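The sequence and the model are shown first, and a description follows.

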Number of protein chains: 2
Amino acid sequence: MSESPKPLVLLVDDEPQIRRLLTVALEANGYRVVTAASGQEGLSLAAHHRPAIVVLDLGLPDVPGQEVLRRLREWSNVPVVILSVQDDETGKVAALDGGADDYVTKPFNTAELLARLRVAMRHAVRQDEESVFQTGALVVDLANRRVTLKGQEVSLTVTEYNLFRLLVRHAGKVVTHRQLLREVWGPAAEEQTHYLRVYVGHLRDKLEANPSEPSLILTEQGVGYRLKS
Amino acid sequence: MSESPKPLVLLVDDEPQIRRLLTVALEANGYRVVTAASGQEGLSLAAHHRPAIVVLDLGLPDVPGQEVLRRLREWSNVPVVILSVQDDETGKVAALDGGADDYVTKPFNTAELLARLRVAMRHAVRQDEESVFQTGALVVDLANRRVTLKGQEVSLTVTEYNLFRLLVRHAGKVVTHRQLLREVWGPAAEEQTHYLRVYVGHLRDKLEANPSEPSLILTEQGVGYRLKS
DNA sequence: CCGCAGAGTAAAAATCGTGTAAAGGCCACT
DNA sequence: AGTGGCCTTTACACGATTTTTACTCTGCGG
């Protein structure tokens with residue numbers, strides 16, 4: 001369990017006084033801090049700085065916080081603690097199920113928030129996750145939803161991209177049919193393996209040098225698919 | 001990534017109406033539940049049942065909840081969600097730093113508690129130990145369903161892998177014909193010993209240095225097979 | 001020496017999984 | 001209303017896998 005001495009916190013909140021208060025509290029407790037005042041800025045800083053943890057306010061002026069979380073989770077498993085004025089219960093459940101690691105309601109007690117950040121950090125399995133994946137001539141920029149092949153941008157439809165993203169995030173490992181179907185088409189579609197046949201076909205058409213002899217998206221008969229790592 | 005279908009929740013709370021309410025809610029959401037009314041009972045049930053998650057009330061009649069948590073953490077990393085009437089902030093911080101994974105204040109919203117339990121379970125799955133078995137030049141990575149021989153990946157069909165995994169799990173011990181057949185082909189096939197002869201043959205072809213003189217998958221005449229450990 | 005039982009081998013037959021193409025439906029845009 | 005893009009659904013052919021069958025080998029006891 002090796003830690004860089006001072007973990008970096010990304011603080012996304014549009015209220016300047018909250019940013020100031022928390023920056024001081026966090027820095028006094030051995031963190032480094034970068035702040036963002038909007039969702040867009042938060043996402044771009046997250047991709048750029050690779051924080052050890054994110055504190056995210058839900059009430060942002062531009063992108064809804066829920067959406068920021070969703071976008072972030074497309075490529076990162078960084079712990080996210082939600083901060084919100086809304087004590088709205090369905091929002092809490094949605095955020096927690098959407099991949100948030102904790103949810104703290106404003107006004108909050110600073111000592112408690114810090115303790116909850118320590119819990120979230122404890123849970124994190126420090127996995128070096130790259131937001132850019134590369135193999136051969138293929139480059140996938142997960143933070144920006146861009147796929148390029150030999151420098152040429154490849155345009156993927158929403159479903160194609162969602163499926164491909166899942167394979168990329170588990171590059172080298174077998175991803176089972178059920179897992180792919182559950183995450184791309186939802187739990188109700190777990191049995192619809194024909195979706196996979198069709199869409200894996202599309203991806204191979206767009207990405208493989210020779211689609212009829214796949215070297216990138218490999219079939220694991222009876223189990224699932226695996227992306228060459 | 002092995003999943004048991006219904007995770008077991010240990011619910012430690014001295015108030016019967018809370019136990020009833022939560023038992024109903026949890027069972028309706030696909031959990032199995034065991035309940036304890038005291039700290040002592042909770043600790044003993046935790047040791048005995050190995051729950052997938054613990055919901056622990058802090059205000060117990062015998063042992064202080066904080067102490068229950070400490071004793072539990074001496075031997076277990078099971079996720080613990082604290083439930084408490086005290087909105088006392090220093091108590092929260094102490095519990096979270098004492099190894100609790102979340103802290104919910106009574107009265108609580110059931111949907112939120114359930115969402116927080118899902119978060120805690122999500123965290124626990126990540127740190128599942130990677131079970132890699134190795135003997136000689138053969139490496140079996142059960143978590144990733146990969147078998148390599150002298151660094152070369154060996155591809156096994158679904159049935160071959162299921163059979164081999166069973167032998168690997170009991171490496172060094174004899175696994176009987178009936179047991180192998182029951183677990184791989186189902187209880188109805190317990191008598192079909194010819195399946196084993198065929199598939200053990202396949203595995204030896206793929207994995208043994210000299211398939212006609214097995215040194216890896218050994219025959220125990222009239223009983224079963226054994227994997228060299 | 002023969003016959004038998006348990007085990008291994010080989011290959012045919014049956015079944016299942018996969019890739020592919022194409023048709024129909026839905027939606028957004030014009 | 002028409003068009004284009006995408007998602008869903010269906011049908012079929014092919015290859016891989018599983019199941020079934022038949023045969024061989026070996027060791028043991030009559």
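## A sheet in chain B

In this predicted model, strand β8 of chain B, residues 146–149, pairs with β9(B) in the antiparallel sense over three bridges. Within this part of the chain, B:Thr148 stands opposite B:Glu153 in β9(B).

The two strands belong to an open sheet of four strands in chain B, which follow the order β6-β7-β8-β9 with antiparallel pairing. Strands β6 (132–135) and β9 (152–154) of chain B stand at the edges; each has a single partner strand, so one side of each is left without a neighbour in the sheet. On average, and with direction ignored, neighbouring strands of this sheet are turned by 25 degrees against each other. In general terms, the strands of a sheet pair through backbone hydrogen bonds, either parallel or antiparallel.

Helices also meet this sheet. Helix α6 of chain B (residues 158–169) packs on the sheet and touches β6, β7 (138–141) and β8 of chain B. The direction of α6(B) makes about 100 degrees with that of β7(B). Helix α8(B) lies across β7, β8 and β9 of chain B and runs at about 50 degrees to β8(B).

## The surface near DNA strand C

Helix α8 (193–207) of chain B also contributes two or more residues to the surface near DNA strand C, as do α8 (193–207) and β11 (217–220) of chain A. In total, 18 residues surround DNA strand C, and the closest are A:Arg204, A:Thr219, B:Arg204, B:Thr219 and B:Gly222. Of the atoms of DNA strand C that come within 4 Å of the protein, 60% belong to sugar and phosphate.

| Residue | Atom of DNA strand C | Distance |
|---|---|---|
| A:Arg197 | base nitrogen | 3.0 Å |
| A:Tyr225 | phosphate oxygen | 2.6 Å |
| B:Arg197 | base nitrogen | 3.1 Å |

## The interface of chains A and B

The two protein chains also meet each other: 28 residues of chain A are in contact with 25 residues of chain B. The size of an interface is often given as the accessible area lost when the parts come together. Chains A and B bury about 2,400 Å² between them, and 46% of this area is on carbon and sulfur atoms. On the side of chain A, the residues A:Leu96, A:Arg116 and A:His123 supply 21% of the area that this chain buries against chain B, more than any other three residues.

Notes
Residues numbered from 1 in each chain as written. Chains lettered and ligands numbered in written order. Predicted model: local features only at pLDDT ≥ 70, side-chain atom pairs only at ≥ 80, totals over all residues. Heavy atoms only, no water. Near = heavy atom within 4 Å. Polar contact = N/O pair within 3.5 Å; in protein donor to acceptor, adjacent residues only side chain to side chain. Pairing = 2+ DSSP bridges. Axes fitted to C-alpha atoms, helices over the stretch in contact; angles between N-to-C directions. Contact = heavy atoms within 4.5 Å. Buried area = accessible area lost by both parts, 1.4 Å probe.
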